[in-house]
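Please read this briefing with the model open beside it. The points are grouped by topic.

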Amino acid sequence: MTINCKNTLVRAPEIFSQKRPESRKVDVLAILLLLLFVWILTSSGCASHNRKGVVKHDTSGEAQTIAADELTLITWNIAKNIRGNDEVHRLVSDHSPDILLIQEGISATCDLFGPSFHQCLFAPSWKKTSPDIYTGVKVLSRFHLENPVHVPSPSLEGFVFTPKATIIATLELPDGGKLMLINIHMLNFVPLRHLESYLEAIYEHAADHVGPMIVGGDFNTWNSERLWAVQQFAAKTGTVEAFAYDENVAGGRPPAWLFFLKPFMQLDLDSPLDRWFYRGIEVVSCRYLAGFNSSDHAPVLLQVRLNQR
(Lines give C-alpha, C1' and ligand atoms only; values in the text may rest on other atoms or scores of the structure.)
Protein backbone atom coordinates (compact mmCIF):
# COMPACT_ATOMS: atom_id res chain seq x y z
CA MET A 1 0.00 0.00 0.00
CA THR A 2 1.28 3.45 -0.91
CA ILE A 3 -0.25 6.63 0.54
CA ASN A 4 0.35 9.94 -1.19
CA CYS A 5 -0.24 12.84 1.19
CA LYS A 6 -0.01 16.53 0.38
CA ASN A 7 3.62 16.90 1.33
CA THR A 8 4.60 13.38 2.25
CA LEU A 9 4.69 9.95 0.72
CA VAL A 10 4.76 7.09 3.19
CA ARG A 11 5.20 3.45 2.38
CA ALA A 12 4.02 0.64 4.60
CA PRO A 13 6.85 -1.65 5.77
CA GLU A 14 5.07 -4.82 4.64
CA ILE A 15 5.59 -3.96 0.97
CA PHE A 16 9.37 -3.80 1.31
CA SER A 17 11.00 -6.57 -0.68
CA GLN A 18 12.02 -9.53 1.43
CA LYS A 19 14.48 -10.55 -1.26
CA ARG A 20 17.98 -9.17 -0.96
CA PRO A 21 19.17 -7.39 -4.11
CA GLU A 22 21.94 -9.15 -5.95
CA SER A 23 25.43 -8.23 -4.75
CA ARG A 24 27.42 -6.02 -7.05
CA LYS A 25 31.06 -6.52 -7.84
CA VAL A 26 33.33 -3.60 -7.17
CA ASP A 27 35.77 -2.95 -9.99
CA VAL A 28 39.50 -2.88 -9.20
CA LEU A 29 39.75 0.60 -10.66
CA ALA A 30 37.03 1.80 -8.29
CA ILE A 31 38.99 0.43 -5.35
CA LEU A 32 42.16 2.19 -6.49
CA LEU A 33 40.30 5.47 -6.86
CA LEU A 34 38.81 5.09 -3.40
CA LEU A 35 42.23 4.37 -1.93
CA LEU A 36 43.48 7.58 -3.50
CA PHE A 37 40.60 9.45 -1.90
CA VAL A 38 41.37 7.84 1.47
CA TRP A 39 45.02 8.87 1.22
CA ILE A 40 43.86 12.45 0.86
CA LEU A 41 41.64 12.09 3.94
CA THR A 42 44.28 10.46 6.11
CA SER A 43 46.83 13.08 5.16
CA SER A 44 44.55 15.65 6.78
CA GLY A 45 44.95 14.00 10.21
CA CYS A 46 41.92 11.76 10.71
CA ALA A 47 42.25 9.00 13.28
CA SER A 48 39.99 6.38 14.78
CA HIS A 49 39.61 6.09 18.56
CA ASN A 50 38.04 3.97 21.29
CA ARG A 51 36.04 6.65 23.08
CA LYS A 52 32.45 5.68 23.81
CA GLY A 53 29.53 7.36 25.51
CA VAL A 54 27.29 10.38 25.10
CA VAL A 55 28.56 13.79 26.16
CA LYS A 56 25.66 15.77 27.65
CA HIS A 57 25.82 19.54 27.52
CA ASP A 58 23.15 21.91 28.85
CA THR A 59 23.05 25.02 26.70
CA SER A 60 21.86 28.45 27.81
CA GLY A 61 18.24 27.80 26.84
CA GLU A 62 15.67 26.89 29.47
CA ALA A 63 14.07 23.46 29.23
CA GLN A 64 10.70 23.78 27.56
CA THR A 65 7.63 21.61 27.92
CA ILE A 66 5.67 20.30 24.97
CA ALA A 67 2.77 22.72 24.97
CA ALA A 68 1.41 21.91 21.50
CA ASP A 69 0.72 18.64 19.72
CA GLU A 70 3.16 19.37 16.88
CA LEU A 71 6.94 19.05 16.72
CA THR A 72 9.41 20.28 14.12
CA LEU A 73 12.56 18.23 13.57
CA ILE A 74 15.45 18.74 11.17
CA THR A 75 18.21 16.33 10.18
CA TRP A 76 21.37 17.66 8.55
CA ASN A 77 24.77 16.24 7.71
CA ILE A 78 26.70 19.43 8.23
CA ALA A 79 29.98 18.04 6.83
CA LYS A 80 31.94 19.31 9.86
CA ASN A 81 31.31 22.88 8.71
CA ILE A 82 30.02 24.54 11.90
CA ARG A 83 32.39 27.25 13.07
CA GLY A 84 31.79 30.53 11.26
CA ASN A 85 28.89 29.02 9.31
CA ASP A 86 26.08 31.59 9.11
CA GLU A 87 23.75 28.92 7.74
CA VAL A 88 23.64 27.28 11.17
CA HIS A 89 22.05 30.37 12.73
CA ARG A 90 19.74 30.86 9.75
CA LEU A 91 18.52 27.27 9.96
CA VAL A 92 17.56 27.74 13.60
CA SER A 93 16.09 31.25 13.25
CA ASP A 94 14.13 30.62 10.03
CA HIS A 95 12.75 27.15 10.77
CA SER A 96 12.71 26.99 14.61
CA PRO A 97 13.33 23.25 15.02
CA ASP A 98 12.33 21.75 18.34
CA ILE A 99 14.84 18.96 17.77
CA LEU A 100 17.88 19.05 15.49
CA LEU A 101 19.78 15.93 14.41
CA ILE A 102 23.32 16.60 13.19
CA GLN A 103 25.70 14.20 11.47
CA GLU A 104 29.39 15.01 11.06
CA GLY A 105 29.15 17.45 13.92
CA ILE A 106 32.14 18.72 15.87
CA SER A 107 32.76 18.38 19.61
CA ALA A 108 32.56 21.46 21.84
CA THR A 109 30.42 23.44 19.37
CA CYS A 110 27.00 23.12 21.01
CA ASP A 111 26.85 26.83 21.86
CA LEU A 112 27.27 27.78 18.19
CA PHE A 113 23.70 26.67 17.54
CA GLY A 114 22.42 29.53 19.66
CA PRO A 115 20.43 29.84 22.88
CA SER A 116 17.24 28.26 21.54
CA PHE A 117 18.14 24.76 22.68
CA HIS A 118 18.19 23.47 26.23
CA GLN A 119 20.24 20.33 25.69
CA CYS A 120 22.94 19.09 23.33
CA LEU A 121 23.95 15.43 23.14
CA PHE A 122 27.15 14.43 21.33
CA ALA A 123 28.46 10.94 20.51
CA PRO A 124 31.93 10.72 18.94
CA SER A 125 32.77 8.68 15.89
CA TRP A 126 36.40 9.58 15.21
CA LYS A 127 39.08 11.98 16.34
CA LYS A 128 40.77 14.52 14.13
CA THR A 129 44.33 14.95 15.35
CA SER A 130 44.95 18.37 13.85
CA PRO A 131 43.30 20.23 15.47
CA ASP A 132 42.53 17.97 18.42
CA ILE A 133 38.75 17.58 18.04
CA TYR A 134 36.17 14.84 17.73
CA THR A 135 33.55 14.51 15.05
CA GLY A 136 30.31 12.59 15.48
CA VAL A 137 26.54 12.89 15.79
CA LYS A 138 24.55 15.44 17.79
CA VAL A 139 21.01 15.86 19.02
CA LEU A 140 19.98 19.36 20.07
CA SER A 141 16.63 19.74 21.81
CA ARG A 142 14.46 22.46 23.32
CA PHE A 143 13.22 19.77 25.72
CA HIS A 144 14.99 17.59 28.24
CA LEU A 145 16.01 14.25 26.72
CA GLU A 146 16.41 11.14 28.82
CA ASN A 147 18.46 7.93 28.73
CA PRO A 148 20.87 8.85 25.93
CA VAL A 149 22.79 5.95 24.41
CA HIS A 150 25.79 5.96 22.08
CA VAL A 151 25.76 3.09 19.58
CA PRO A 152 29.12 2.92 17.76
CA SER A 153 29.27 0.91 14.57
CA PRO A 154 30.66 -2.58 15.29
CA SER A 155 33.01 -2.30 12.30
CA LEU A 156 35.00 0.48 10.72
CA GLU A 157 34.13 2.30 7.54
CA GLY A 158 35.79 0.85 4.47
CA PHE A 159 39.13 2.37 3.43
CA VAL A 160 38.84 5.26 5.92
CA PHE A 161 39.03 2.87 8.91
CA THR A 162 36.93 5.02 11.24
CA PRO A 163 33.65 4.12 12.97
CA LYS A 164 30.27 5.75 12.61
CA ALA A 165 27.96 6.64 15.51
CA THR A 166 24.30 6.71 16.48
CA ILE A 167 22.55 8.48 19.37
CA ILE A 168 19.34 7.15 20.90
CA ALA A 169 17.37 9.16 23.46
CA THR A 170 13.81 9.46 24.73
CA LEU A 171 11.52 12.43 25.25
CA GLU A 172 8.71 12.30 27.81
CA LEU A 173 5.37 13.35 26.31
CA PRO A 174 2.57 15.22 28.10
CA ASP A 175 0.43 12.07 28.23
CA GLY A 176 3.16 10.17 30.08
CA GLY A 177 4.34 8.22 27.08
CA LYS A 178 7.86 8.39 25.67
CA LEU A 179 9.00 9.28 22.18
CA MET A 180 12.20 7.53 21.09
CA LEU A 181 14.56 9.56 18.91
CA ILE A 182 17.33 7.90 16.87
CA ASN A 183 20.01 9.84 14.99
CA ILE A 184 21.90 7.51 12.61
CA HIS A 185 25.03 8.06 10.52
CA MET A 186 25.44 4.95 8.40
CA LEU A 187 28.67 3.23 7.39
CA ASN A 188 30.08 3.63 3.89
CA PHE A 189 32.08 1.26 1.69
CA VAL A 190 31.57 -1.92 3.70
CA PRO A 191 30.08 -5.30 2.83
CA LEU A 192 26.35 -5.45 3.35
CA ARG A 193 26.72 -7.73 6.38
CA HIS A 194 28.63 -4.99 8.23
CA LEU A 195 25.87 -2.51 7.54
CA GLU A 196 23.29 -5.05 8.74
CA SER A 197 25.32 -5.68 11.91
CA TYR A 198 25.33 -1.96 12.68
CA LEU A 199 21.58 -1.71 12.14
CA GLU A 200 21.08 -4.76 14.34
CA ALA A 201 23.13 -3.13 17.13
CA ILE A 202 20.87 -0.08 16.91
CA TYR A 203 17.76 -2.26 16.86
CA GLU A 204 18.81 -4.05 20.05
CA HIS A 205 18.56 -0.74 21.91
CA ALA A 206 15.21 0.13 20.33
CA ALA A 207 13.48 -3.25 20.31
CA ASP A 208 11.86 -2.96 23.75
CA HIS A 209 10.59 0.57 23.32
CA VAL A 210 6.83 0.85 23.51
CA GLY A 211 5.45 4.01 21.97
CA PRO A 212 6.16 6.44 19.16
CA MET A 213 9.52 6.51 17.43
CA ILE A 214 11.31 8.86 15.04
CA VAL A 215 14.45 7.76 13.21
CA GLY A 216 16.44 10.21 11.09
CA GLY A 217 19.89 10.79 9.71
CA ASP A 218 22.30 10.15 6.88
CA PHE A 219 21.72 6.54 5.80
CA ASN A 220 24.15 6.59 2.86
CA THR A 221 21.62 4.68 0.77
CA TRP A 222 23.38 5.18 -2.55
CA ASN A 223 22.38 1.82 -4.04
CA SER A 224 19.48 -0.62 -3.83
CA GLU A 225 21.38 -3.10 -1.64
CA ARG A 226 21.98 -0.53 1.08
CA LEU A 227 18.44 0.81 0.83
CA TRP A 228 17.09 -2.73 1.18
CA ALA A 229 18.99 -3.18 4.46
CA VAL A 230 17.60 0.09 5.84
CA GLN A 231 14.07 -0.90 4.78
CA GLN A 232 14.42 -4.21 6.64
CA PHE A 233 15.47 -2.25 9.74
CA ALA A 234 12.39 -0.04 9.32
CA ALA A 235 10.16 -3.09 9.04
CA LYS A 236 11.63 -4.55 12.26
CA THR A 237 11.06 -1.31 14.18
CA GLY A 238 7.56 -0.91 12.75
CA THR A 239 8.41 2.46 11.23
CA VAL A 240 7.49 3.80 7.80
CA GLU A 241 9.34 6.36 5.74
CA ALA A 242 8.31 9.98 5.28
CA PHE A 243 9.45 10.85 1.77
CA ALA A 244 10.70 14.43 1.53
CA TYR A 245 9.53 16.46 -1.42
CA ASP A 246 12.23 18.30 -3.30
CA GLU A 247 11.85 21.97 -4.15
CA ASN A 248 14.75 21.84 -6.62
CA VAL A 249 17.13 21.62 -3.69
CA ALA A 250 20.72 20.59 -4.27
CA GLY A 251 22.16 18.12 -1.82
CA GLY A 252 20.77 15.04 -0.11
CA ARG A 253 21.96 12.84 -2.96
CA PRO A 254 25.29 11.03 -3.35
CA PRO A 255 27.96 13.76 -3.60
CA ALA A 256 29.29 14.85 -6.97
CA TRP A 257 32.72 13.31 -6.40
CA LEU A 258 31.06 9.87 -6.56
CA PHE A 259 29.92 10.47 -10.12
CA PHE A 260 33.12 9.11 -11.65
CA LEU A 261 32.60 5.84 -9.72
CA LYS A 262 29.12 5.21 -11.11
CA PRO A 263 30.25 3.02 -14.04
CA PHE A 264 32.18 0.80 -11.63
CA MET A 265 29.89 0.59 -8.60
CA GLN A 266 26.43 0.97 -10.23
CA LEU A 267 25.50 3.84 -7.93
CA ASP A 268 22.02 5.30 -7.86
CA LEU A 269 22.80 9.01 -7.92
CA ASP A 270 19.10 9.86 -7.55
CA SER A 271 18.70 7.95 -4.29
CA PRO A 272 18.26 10.17 -1.21
CA LEU A 273 20.83 9.70 1.52
CA ASP A 274 19.05 11.63 4.27
CA ARG A 275 15.79 10.07 5.44
CA TRP A 276 13.11 10.06 8.13
CA PHE A 277 11.19 7.06 9.50
CA TYR A 278 8.43 7.15 12.10
CA ARG A 279 5.69 5.30 13.93
CA GLY A 280 2.86 6.26 16.29
CA ILE A 281 2.64 9.85 15.06
CA GLU A 282 1.14 11.73 12.13
CA VAL A 283 3.37 13.41 9.55
CA VAL A 284 2.27 16.93 8.61
CA SER A 285 5.13 17.81 6.25
CA CYS A 286 8.51 16.49 5.14
CA ARG A 287 10.70 18.53 2.81
CA TYR A 288 14.20 19.53 1.83
CA LEU A 289 15.20 23.06 2.79
CA ALA A 290 16.56 25.31 0.08
CA GLY A 291 19.38 27.81 0.43
CA PHE A 292 21.83 25.76 2.50
CA ASN A 293 24.97 25.18 0.49
CA SER A 294 27.74 24.83 3.07
CA SER A 295 27.38 21.03 3.01
CA ASP A 296 26.90 18.48 0.24
CA HIS A 297 23.72 17.49 2.10
CA ALA A 298 20.55 19.58 2.32
CA PRO A 299 18.70 19.79 5.65
CA VAL A 300 15.47 17.77 5.74
CA LEU A 301 12.59 19.13 7.84
CA LEU A 302 9.98 16.85 9.38
CA GLN A 303 6.86 18.26 11.01
CA VAL A 304 4.78 15.80 13.01
CA ARG A 305 1.60 15.77 15.02
CA LEU A 306 1.62 13.77 18.23
CA ASN A 307 -1.20 11.31 18.80
CA GLN A 308 -1.96 12.11 22.43
CA ARG A 309 -3.85 9.54 24.44
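**A buried methionine and its surroundings**

Met-213 is buried, with a relative accessible area of 0%; buried means under 20% relative accessible area, exposed means over 50%, and partly exposed lies in between (1.4 Å probe, protein chains only). The model is predicted, so local features need pLDDT of at least 70 and side-chain atom pairs count only at pLDDT 80 or more, while totals for chains, interfaces and linings use all residues. Residues are numbered from 1 along each chain as its sequence is written, and side-chain values use heavy atoms, with hydrogens and water left out.

**The chain as a whole**

- The protein chain has five helices and 16 strands; helices (H or I, at least four residues) and strands (E, at least two) are DSSP runs, numbered from the N terminus.
- Of the 309 residues in the protein chain, 53% are buried.
- Among contacts between residues at least 6 apart in sequence, 75% join residues at least 24 apart, where contact means heavy atoms within 4.5 Å.
- The protein chain exposes about 13,700 Å², and carbon and sulfur atoms supply 53% of that area; accessible areas come from the Shrake-Rupley method with a 1.4 Å probe, and for residues only the protein chains shown count as cover.

**Around Met-213**

- Met-213 is part of strand 12.
- Leaving out residues up to four places away in sequence, Met-213 touches Leu-179, Met-180, Ile-182, Ala-206, Thr-237, Thr-239, Phe-277, Tyr-278 and Arg-279.
- Ile-182 is 31 residues from Met-213 along the chain, and their C-alpha atoms are separated by 8.0 Å.

**Helix 3**

- Helix 3 covers residues 192-206, which is 15 residues.
- From first C-alpha to last, helix 3 reaches 21 Å, close to the 21 Å expected at 1.5 Å a residue; the expected span is 1.5 Å times one less than the number of residues.
- The buried residues in helix 3 are Leu-192, Leu-195, Tyr-198, Leu-199, Ala-201, Ile-202 and Ala-206.
- An α-helix has 3.6 residues a turn, so residues three or four places apart point the same way.
- The buried residues of helix 3 pack against strand 9 (145-152), strand 10 (165-172), strand 11 (178-185), strand 12 (213-218) and helix 4 (224-237).

**Aromatic pairs**

- The whole structure contains three aromatic pairs; rings of Phe, Tyr and Trp (its six-membered ring) pair if their centres lie within 6.5 Å, and planes under 30 degrees apart count as stacked, over 60 as edge-to-face and the rest as tilted.
- One of the pairs is Phe-189 with Trp-222, which is tilted because the planes stand at 35 degrees, with the ring centres 5.6 Å apart.
- Phe-189 lies in the loop between strand 11 and helix 3, and Trp-222 in the loop between strand 12 and helix 4, so this pair links parts of the chain 33 residues apart.
- Both Phe-189 and Trp-222 are buried.
- Phe-219 and Phe-277 have ring centres 5.5 Å apart and planes at 80 degrees, so this pair is edge-to-face.
- Phe-219, in the loop between strand 12 and helix 4, and Phe-277, in strand 14 (residues 274-279), are 58 residues apart.
- Phe-219 is buried at 0% relative accessible area, and Phe-277 is buried at 2%.

**Charges and salt bridges**

- The structure holds nine salt bridges; a salt bridge is a side-chain nitrogen of Lys or Arg within 4 Å of a carboxyl oxygen of Asp or Glu.
- Side chains of opposite charge can pair when their charged atoms come close.
- Lys-164 and Glu-157 form a salt bridge with an N to O distance of 2.7 Å; Lys-164 is buried at 8% relative accessible area, and Glu-157 is buried at 7%.
- Glu-200 and Lys-236 form a salt bridge, with the closest N and O atoms 2.5 Å apart.
- Glu-200 belongs to helix 3 and Lys-236 to helix 4, and the two are 36 residues apart.
- Glu-200 is partly exposed at 31% relative accessibility, and Lys-236 is partly exposed at 43%.
- Lys-236 also lies over the face of Tyr-203, at 4.2 Å from the ring centre; a charge sits over a ring if NZ of Lys or CZ of Arg is within 6 Å of the ring centre and within 35 degrees of the ring normal.
- Glu-70, Glu-282 and Arg-305 are linked in a network of salt bridges.
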